[in-house]
Amino acid sequence: MLNNKGRPTQPVTAADADAAMETFTGNKGLNLESPLIFEQGVPGRIGVDMAEPKPVKSRLGGLDRKEPVGMPDLSEPQVLRHFVRLSRQNYAIDAGFYPLGSCTMKHNPRINEKVARLVGLGDLHPMQPTSTVQGALEIIDSLAHWLKTITGMPAVAMSPAAGAHGELCGVMAIRAAHEAKGESRTRILVPESAHGTNPATAALCGYKVEAVPARQDGRMDMDAFAAKLGPDVAGVMLTNPNTCGLFETDVKKIADLVHETGGYFYCDGANLNAILGRVRPGDLGVDAMHINLHKTFSTPHGGGGPGSGPVVLSEALAPFAPVPFVTHGKDGFDMVEQIEGPAAQSFGRMKGFHGQMGMFIRALAYMQSHGADGLRQIAEDAVLNANYVRVGLQDKLHSPFAGICMHEALFDDSTLKGTGVTTLDLAKAMIDEGYHPMTMYFPLVVHGAMLIEPTESESRQTLDQFIGAMGHLLDKAKAGEVDAFLGAPNFAPRRRLDETGAARNPVLRWTVPEGTDGGEVTLSAAS
Amino acid sequence: MRYMPHTALEREEMLAKIGISSIDDLFADIPEEARLGGLLDLPLHESEMTVEKNFRNLAAKNLSPYMTPCFLGAGAYQHHVPSVADHIIQRSEFLTSYTPYQPEVSQGTLQALFEFQTQVAMITGMEVANASMYDGATSCAEAVLMACRVTRRKKAIVSGNLHPHYRDVTRTTLQFMEFEAENLPPVLDRKEDFDAHIGSDIACVVVQNPDFFGRIQDFTALADKCHEAGALLIVVVNEVVSLGAIMSPGDMGADIVAGEGQSIGVPLSYGGPYVGLLATRQKFVRQMPGRLCGQTVDQDGKRGFVLTLSTREQHIRREKATSNICTNAGLCSLAFTIHMSLLGETGFAKLARLNHSQAVTLAEKLEVIEGVEMINDTFFNEFTLRLSADASSVVEKLAAKGVLGGVPVSRLIPDDPDMSHLLLVAVTETCSVSDMDQFVTALKEAL
Amino acid sequence: MSYWFTEDHEWVLLEDDVATIGISDYAQGQLGDVVYVEVPEVGADIVKGDELAVVESVKAASEVYSPVSGEVIEVNEDLEGSPTMVNEAPLEGGWFAKVKVTDSTEIEGLMDEVAYKIYVEGLDG
């Protein structure tokens, strides 16, 4: 029953606060606190000037709002200062090294932000007549061309809003293709090391998920895979390069085997960055693959979204793609929005309107900036950097799988055994050294996993310093200096947070404190 | 290439350190027959200056609603986005951070999410809200799945007056699961009647307010009917500014509110990215999809925020997760929070009143034109007109005159002769008197 | 009357034809701080091996499979307000559900306390 190891989520040591370090305001120099916005208002202020509504005869049918909403009133400078203060409590790729494995935290060029905001792009309404948005449709068509060329695939569905949404799109296309043939298949095979979204997606499409174990070398166990295949298998969902940072060397055989039994090959494209311009998934037998524009093509992660997850499709799956899509009409670009004509076999619609246009613009600008030559360089430098870190840390940390890795280096926690320091503690100590922690405890197939993805954006000097810092921390752990880890982080805006308390007694919104009318300014909020 | 720091010499030295002689050795695991020898058949890299020019040229091929009278709505609304909102979301610390899984260095994102959740719960009149979904349509589909989990029932009744994209996305999402959505036909001439459809096997009824045609309704009686049958009422709101003026879904007894938050802080951007809202009652919180931010304390007792109840989510629950969703609309929800904070109680109510007064002003000008009939008995800032001519050809004629004069209903509900003459017209604070007059003149000429 | 254990770390205590079910001290230690327990509905029919409950810590959710077949006649409603009982008293106040068993011989294949102790010691090696 223990499908995931527990780990401490409640601070373990008692607060050892140094009273001399406390300040009257709770602020500490440049570390500025801001209470909740709801604790800062004074009724009657306003942060947006607008015209006085002209008195008219109401057409609301008497269904007017009766009660106030309960929001605070603030002026513009207050709101600006509040959010500037909040921003400074975040780590960010612009500020430092962010080696989160599987997340591809690369540089986000600002030209992409600029062009996405141009008049005539950022302000277009999705329901404008297509004759008035030919430039927008050209962008979608052009991005589609780049994605198809990069992956060597004949078709692409542009509308999915994120990677997991793209997975849903791909697996729905697989299910629709089977149903069109009159087949009802029930199982999807997913390697144990897969992202959690893979089994969740397969389940949403009504499939039973079967996990395929990994081999000693971190690749999928081909014997186990072949044994699980059968006429009731709809397909396989494989991440390649996989979540251990390794290229699945048997990928073509996997494709052949699943095709022989009439199934389809879904490739999780989360790690496309590693192979840009070096190999095309279409040449490996892939039938569907989502592309995280927010990973490989640098659209900003934005603290958790929005993403964008177009899905490239093989000839076999293309007829089932969701609406809408752009076509070349006689008077320019056109758009198919209904399930009819060229979309007669479409499985449906994934989201409102036409997809994450703002992300399309940014991704296309990124691609144009790189070109065919730069895209290949991305993969080469990303893999070079990961291997440089792998080799740089090989005396300090243990790699569960030997040899060259792709875009990310995976280590286990065997070095920490007996030190009293866990992967989590090490990660929190990295914060004190000014780094964002690596991905931890994923993939699940490796004990205490640490997954480090430097990306191509980082210089050798940054990597050298990181390797030095990690070595220093690991030496300290092995020397028994446990306290430095258990108390970490010491230099972040907050120390370890009580996640257990948060989950046992969920407080998910602010409410008016008892005994107040909610409209007063409270000063105690920062602590 | 300006984005990659290594020099040729550094690459050589790094390869040597790794103990290999060429870059190709790093890619030796790729099957030989699949390796690409040369470059992809795509253009070579371009300077920032050239890229900017490329996009300026593309933008020039579009008719900007910012530069022209625009009366488009149908689920996406042109509102003024305060410059503070766009400035803050471009700050590096918000723009280029990841999902706040490391709370000690993500308090900025987390506190903003907590404020977002609170604002969404407040305006919808609900107890809790999540940290956002992809958009309104996907939020609607997720709300239906959630209702099925809560009630352990399998069938949803979907109003004919729900936005067609929301209907389609819901049907698409459910089609391969054990759940079913019954889509009722649109109803124009009377109140939609759900009584015959509500039974002990129904998980939920999904309605929209204001509905796709712009009409406002009180769903209190429907909520009671649903509850008597053990079903939930889902209310969809895709123009959230309306909540500053009209009764909230919570006041009507809704169990789940699914909404589109684009109107507050998020640019139109040709349809995305937007921000899906999902709010509900506290007692259903463990059946909610998506990320949730919760309040807690740190080791020193200071208030702080963390992502919580994550055992509902895919990265832990895998195939048993409440949803496969893995992102929220992070930056768009931040834009929403900033804009809403600037508005505050006073500004939100005023913005809503301003939108309504603008809409009434235009309606009074349009409904007296010969060949134009108002079908709405009520509306907020969007209404439906029945024209004497085919609405899509009228819209083309208006566009040729430089007026984006509404959305023909037939673009969203095709193949229905009743719909071919219907035009959806939305009016916001961005429309000037002269915009309205241009529209009136152009429409008279087009009919 | 004594505790019987499964390899998946559930325990069962059989009194007449009523089996009380929970998870072992070892299991709660592995899970860490329990934050929520999803218990079955009273009246549900359970077959041996079915999911009986889900026990959640902050970073993990684990299914608890029923070691016996029968009807759920009572669930531990105190867990809703104090899931911490699973950590503090896994074999007493931290029980999940009581099942009226249809076949009391189903527990025959399970480990007794001594056998389970040896089993758990083997896992940590």
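**A glycine and its surroundings**

Guide: Leaving aside residues up to four places away in sequence, B:G405 touches B:F71, B:V395, B:L398, B:F439, B:A442 and B:L443, where contact means C-beta atoms, placed from the backbone, within 7 Å of each other. This is a predicted model, in which local features need pLDDT of at least 70 and side-chain atom pairs count only at pLDDT 80 or more, whereas totals for chains, interfaces and linings use all residues. Residues are numbered from 1 along each chain as its sequence is written, while chains are lettered from A and ligands numbered from 1 in the order in which they are written.

The glycine B:G405 sits in the loop of chain B that runs between α12 (391–400) and β12 (407–408); helices (H or I, at least four residues) and strands (E, at least two) are DSSP runs numbered from the N terminus. B:G405 counts as buried because 27 other C-beta atoms lie within 10 Å, the cut-offs being 20 or more for buried, 12 or fewer for exposed, and partly exposed in between. Along the chain B:D418 is 13 residues away from B:G405, and the C-alpha atoms of these two residues are separated by 20 Å.

Chain A, for its part, contains 12 helices and 12 strands, and its C-alpha atoms fill a box of roughly 80 × 70 × 45 Å along the principal axes. Of the 527 residues in chain A, 58% are buried, and 73% of its contacts with a separation of 6 or more are between residues 24 or more positions apart.

Where the two chains meet, chain A contributes 177 residues to the contact and chain B 171. On the side of chain B that touches chain A, helix α11 (residues 330–366) supplies the largest share, with 21 residues. That side of chain B is made up of 87 nonpolar, 51 polar and 33 charged residues, with Ala, Val, Leu, Ile, Met, Phe, Trp, Tyr, Cys and Pro taken as nonpolar, Asp, Glu, Lys and Arg as charged, and the others, Gly among them, as polar.

Helix α1 (residues 76–87) of chain A packs against α11(B), their axes coming within 9 Å and crossing at roughly 150 degrees; axes are lines fitted to C-alpha atoms over the stretch in contact, with angles from 0 to 180 degrees between N-to-C directions. The two helices, α1(A) and α11(B), are therefore roughly antiparallel, a term for angles over 145 degrees, with under 35 roughly parallel, 65 to 115 roughly perpendicular and the rest oblique. Here A:E76, A:V79 and A:F83 of α1(A) meet B:I338, B:S341 and B:L342 of α11(B), a set of four nonpolar residues, one polar and one charged.

A further pairing joins helix α8 (residues 357–392) of chain A to helix α2 (residues 48–60) of chain B, with axes that come within 10 Å and cross at roughly 140 degrees, which makes α8(A) oblique to α2(B). The residues in contact are A:A365, A:Q368 and A:S369 of α8(A) with B:E48, B:V51, B:N54 and B:F55 of α2(B), and by class they are three nonpolar, three polar and one charged.
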